[in-house]
Amino acid sequence: MTAEELGQMIWNVKELLRNVYDNKDVEDVILPFTLLRRLDCVLVGSENLVAANMKQLEELGQTSQEDIDNMMPMLMDAAGYKFYNTSGLSLSKLITVPADLTNNFKTYLEGFSPNIREILKNFTGKGENASLSDIFLNLARKNLLLQVTKAFVLDIDLSPDKVDNHMMGTVFEIVIRYAKESVGIGAGQFYTPRDIVRLMTEITLLGQEDKIYQDGKIISVYDPCCGTGGILTLTKDTIEETAKERRVDVTVNLFGQELNDKTYALCKSDIIMKGDEAKGIAVGDTLLVDEFRDQKFNFMLANPPYGVDWKREYDSVSAEAEDKSSRFAPGLPDKSDGQLLFTLHMLHKMDPKGSRVGILSNGSPLFNGGAGSGWSNIRKHMLDNDLLDAIIALPGGLFYGTGIATYLWIFDNKKPESHKNKVLLINAAKDEYVQPMRKNLGMKNVLVSDYGRSEICRIYHDFETCDNAKLMDKDDFFYTYITVERPLRLTYKDVKTKYTTLDKKKQSEALANIVALDNIDTERTDAEFFAYLESKKVKTTAKLIKDCRTFFGEVSETAPEVHVIPLDDSSDLVADTNLRDYESIPFKTDIQEYFQNEVLRFAPDAWMDREKDKIGCEFPISKLFYEYQPLRSVEDILADIRALEEEEEQELSSLLND
């Protein structure tokens with residue numbers, strides 16, 4: 001039986017709940033029961049050893065729940081796993097005594113080790129108010145507990161010899177997808193397709209073999225938004241498989257944080273069933289509270305949510321960003337999209353001795369935000385500290401819940417010499433790197449093929465320009481954002497009429513005195529106007545000059561330039577804000593030369609206000625790999641139209657003849 005078929009069989013238990021449970025509540029039954037069934041199947045054969053240890057505790061008078069929990073390591077050894085059950089019960093045994101099912105179910109759940117009890121409580125989604133009874137009491141009240149338990153025991157075999165750990169993880173993902181899609185929620189926010197994870201893992205680990213595969217080496221892997229833990233577990237599997245091939249003993253410790261209680265429960269249970277205690281998995285909002293605040297990690301991989309706002313976290317994150325040594329100090333993106341906050345968080349947790357980061361994103365972090373914005377400053381931080389190693393444009397159709405362009409970023413704080421101050425851009429958005437799926441899963445219709453994965457890894461390993469890659473200097477991504485000004489040019493006429501139309505609050509005695517002057521309505525340039533006022537002994541203040549220009553002046557392209565100090569041609573020119581323009585000049589381009597060739601040719605009176613210069617940074621990967629597709633000729637288009645018309649006439653004729 002395939003993982004897809006098994007996942008469908010598990011999800012079909014929902015038919016027992018039809019018209020009794022709302023669609024959104026079905027997962028509250030299916031997910032924890034899937035876990036319980038798997039635990040039952042895994043623990044088969046451990047009952048006698050656990051019972052023997054429990055008997056020893058009874059003989060010592062250690063029978064309280066606290067006493068038993070304190071002996072957790074001993075009981076784990078007896079069970080042979082990082083979990084156990086001391087009740088002597090299983091789902092199979094529970095259904096043999098239907099009359100006592102409800103009471104026995106409570107005893108059964110309470111018999112699990114503390115780590116499993118905590119996971120089960122999180123499945124309820126009730127946080128601190130959760131109770132183990134929430135798992136089964138509602139089913140009991142609706143007379144469904146026996147039917148559901150029987151369905152899992154009699155129809156669904158999750159024994160390790162039938163369903164290995166890898167397949168079980170896939171089955172979990174499939175059941176979650178069914179659960180989320182049944183209520184219109186994209187499953188992609190909870191887990192990342194395995195073919196993408198495999199590509200991300202291989203590239204993130206690439207080139208680190210000598211550092212990883214040493215006897216006795218301890219490796220830490222972290223995901224700040226770990227979902228169901230697929231990225232973590234596959235990374236661990238990859239390292240351990242290679243270590244086994246190389247005959248070295250490597251320990252991989254997993255760390256992750258997940259916001260959603262139920263998804264956290266799935267993640268932790270999956271890791272536990274693979275032989276880990278999952279002590280490094282925490283529940284909570286990573287942006288609000290970093291549960292691993294003082295820890296650094298060797299490898300970090302993540303697929304943070306795309307385009308999700310962080311308004312809830314804004315006050316806390318903004319306050320933290322004020323601390324120049326904090327994770328968010330380099331800058332803050334718009335509140336509408338928090339992807340780069342997760343990137344900053346991971347970069348902050350890089351070990352000074354060397355760390356690698358692989359993170360997925362959509363296109364927004366590449367170019368959103370102009371020079372001086374939080375987006376741009378974060379990108380600048382990556383390059384200023386020479387952390388960014390590569391960006392890979394991925395093929396379309398890879399994700400369950402989105403068809404938009406996606407990218408894989410690779411960071412390294414201990415780059416080899418050939419990578420320093422360089423960034424490799426790879427265009428892997430090619431059909432040649434994917435293979436079609438037999439059946440779409442949501443919006444996912446292709447898989448990264450084995451060839452595609454190996455070819456992308458080869459291109460990254462070679463780290464040089466080729467057909468589908470460009471090796472860039474870090475300065476290629478910087479630009480200077482300059483302000484271009486042009487002079488204000490004014491004429492003055494019909495002054496009296498303009499004054500009468502002014503709002504009363506803007507009228508003043510000084511302006512009224514000017515309006516009362518003889519011949520004030522005569523057309524004059526700015527210099528002529530203020531020369532006339534001077535001749536009439538009018539004392540001009542900075543405010544009066546500004547008011548005259550604002551209320552009486554008219555913009556005229558043919559008039560002379562206006563100077564800050566009237567009648568003083570040596571004073572600065574006044575800029576016309578309506579003509580203000582901006583230029584983004586690549587870092588490697590001489591600014592004066594650019595200005596001469598690209599601006600003064602078209603606006604000879606322009607100048608640059610260099611005090612307003614800003615340094616910007618963006619990664620225009622789409623532009624760099626753009627391939628011009630010539631438009632079809634008019635003749636070809638007309639030929640297609642004629643062919644369609646002929647086909648239409650033939651069909652119409654056939655209908656009329658019939």
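**Surface patches, ring pairs and salt bridges**

Good morning. A negative surface patch is formed by Glu645, Glu646, Glu647, Glu648, Glu649 and Glu651. Patches consist of residues with over 30% relative accessible area and no salt bridge, like charges being joined within 9 Å and nonpolar side chains (Val, Leu, Ile, Met, Phe, Trp, Tyr) within 5 Å. The model is a predicted one, in which local features need pLDDT of at least 70 and side-chain atom pairs count only at pLDDT 80 or more, while totals for chains, interfaces and linings use all residues. Residues are numbered from 1 along each chain as its sequence is written, and side-chain values use heavy atoms, with hydrogens and water left out.

Glutamate 645 has its place in helix H27, residues 634-657; helices here are DSSP runs (H or I, at least four residues) and strands are runs of E (at least two), numbered from the N terminus. With a relative accessible area of 43%, glutamate 645 is partly exposed. For this term, buried means under 20%, exposed over 50%, and partly exposed in between (1.4 Å probe, protein chains only).

Valine 634 is also found in helix H27, and at 54% relative accessibility it counts as exposed. Together with Ile637, Leu638 and Ile641, Val634 makes a nonpolar surface patch of about 320 Å².

I turn now to the aromatic rings. The structure holds 24 aromatic pairs. Rings of Phe, Tyr and Trp (its six-membered ring) pair if their centres lie within 6.5 Å; planes under 30 degrees apart count as stacked, over 60 as edge-to-face, and the rest as tilted.

Phenylalanine 33 and phenylalanine 105 form a tilted pair, 5.7 Å centre to centre with 45° between the planes. This pair links distant parts of the chain, since phenylalanine 33 is in helix H2 (residues 23-43) and phenylalanine 105 in helix H7 (residues 101-110), 72 residues apart. Phenylalanine 33 is buried, at a relative accessible area of 0%. Ring pairs link Phe33, Phe105, Tyr108, Phe112, Phe136 and Phe152 into a cluster.

Finally, the salt bridges: a side-chain nitrogen of Lys or Arg lies within 4 Å of a carboxyl oxygen of Asp or Glu. By this rule the count is 38. In one of them, glutamate 27 meets lysine 262 at 3.3 Å, N to O. Because glutamate 27 lies in helix H2 and lysine 262 in helix H15 (residues 261-273), the pair ties together parts 235 residues apart in sequence. Glutamate 27 counts as buried at 7% relative accessibility, and lysine 262 counts as buried at 16%. Thank you.

Conventions
Accessible areas come from the Shrake-Rupley method with a 1.4 Å probe; for residues, only the protein chains shown count as cover. Lys and Arg count as positive and Asp and Glu as negative; His and the chain ends are not counted. The place of a charge is taken as NZ of Lys, CZ of Arg, CG of Asp or CD of Glu.
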